[in-house]
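Trainee: I've got a model open and would like to talk through a few of its details. Can we take it piece by piece?

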Amino acid sequence: MNTFIRNSVLGIAGLAFAGGVAAGPMTDTTHTPSVDATAVAVAVRADKPDMGKLVPHGVQGAQSRIELSDEQVGNVKAIIAATKKAGMDERAAVVSIATALQESKLENLGHLGERNDHDSQGLFQQRPTSGWGTVEQITDPEYSTTAFLKALKQVDGWQDMPLTEAAQTVQVSAYPDHYAQWEQQAADLVAEHWNS
């Protein structure tokens, strides 16, 4: 929808310009409808969430960033879709994606044998033995995201917490501060894909 509006506004601007060029110089008696450049700029930006909403507390500490494969981007889109389906906002998607970046680098991990943290699997490294669901469920990006978000909803005031505190309350990690390093990349991914 936003792309349609942006294209319409830009198309009207183009027609106004082309009409002026074809008609030649204007006299004082002719009125050409003007295109508000601010309105065009707002229409172009309207398809991306406000960064102030995505990162309301600012990022904490040094930030990490990784290049993503098509599979990882697909998992980002799955997390965003599950967040929308759960009726939660862009900030919930940022918390979810930052958590998955820390837990799995956005890779839907199966059992890693000796390298595994007990029986943790999926995007969020959820454990069947801790009640997150079956292996099949927690390795389904929609299911695992929905399970994470359901737990996040239970955290009183999660919206007002720093990201790492909200994520840690759900995940109970041995490394509680590590989620913070992914907040900027998570916010950038939500800004890029929320309306795509």
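This is a predicted model: local features need pLDDT of at least 70, side-chain atom pairs count only at pLDDT 80 or more; totals for chains, interfaces and linings use all residues.

Trainee: Okay, then which residues does K153 touch, not counting residues up to four places away in sequence?

Mentor: Start with where it sits: K153 lies in helix α7. Leaving out residues up to four places away in sequence, the contacts of K153 are A86, M88 and W158.

Trainee: Is K153 buried, partly exposed or exposed?

Mentor: Buried means under 20% relative accessible area and exposed means over 50%, with partly exposed in between. K153 has 48% relative accessibility, so it counts as partly exposed.

Trainee: How far is the backbone oxygen of A86 from a polar atom of the side chain of K153?

Mentor: A86 is one of the residues that K153 touches. A polar contact needs a pair of N or O atoms within 3.5 Å. Here the backbone oxygen of A86 and a polar atom of the K153 side chain are separated by 3.3 Å.

Trainee: And what separates the C-alpha atoms of K153 and A92?

Mentor: Along the chain these two are 61 residues apart.

Trainee: How many nonpolar, polar and charged residues are in the contact of α7 with α8?

Mentor: From α7 come F148, A151 and L152, and they meet A166, V170 and Q171 in α8. By class, the residues of that contact come to 5 nonpolar, 1 polar and no charged.

Trainee: What about α5: how many of its residues are buried?

Mentor: Helix α5 covers residues 90-104 and reaches 21 Å from its first C-alpha to its last, close to the 21 Å expected. It is largely enclosed by the rest of the structure, because the buried residues number 14 of the 15.

Trainee: Which residue caps the N-terminal end of α5?

Mentor: Look for a side-chain oxygen that lies 3.2 Å from the backbone nitrogen of R91. The residue that supplies this oxygen, and caps the N-terminal end of α5, is D89.

Technical notes. Residues are numbered from 1 along each chain as its sequence is written. Side-chain values use heavy atoms; hydrogens and water are left out. Contact means heavy atoms within 4.5 Å. Helices (H or I, at least four residues) and strands (E, at least two) are DSSP runs, numbered from the N terminus. Ala, Val, Leu, Ile, Met, Phe, Trp, Tyr, Cys and Pro count as nonpolar, Asp, Glu, Lys and Arg as charged, and the others, Gly among them, as polar. Buried means under 20% relative accessible area, exposed over 50%, partly exposed in between (1.4 Å probe, protein chains only). A polar contact is a pair of N or O atoms within 3.5 Å; within protein, one must be able to donate a hydrogen and the other to accept it, and residues adjacent in sequence count only if both atoms are side-chain atoms. The expected span of a helix is 1.5 Å times one less than its number of residues.
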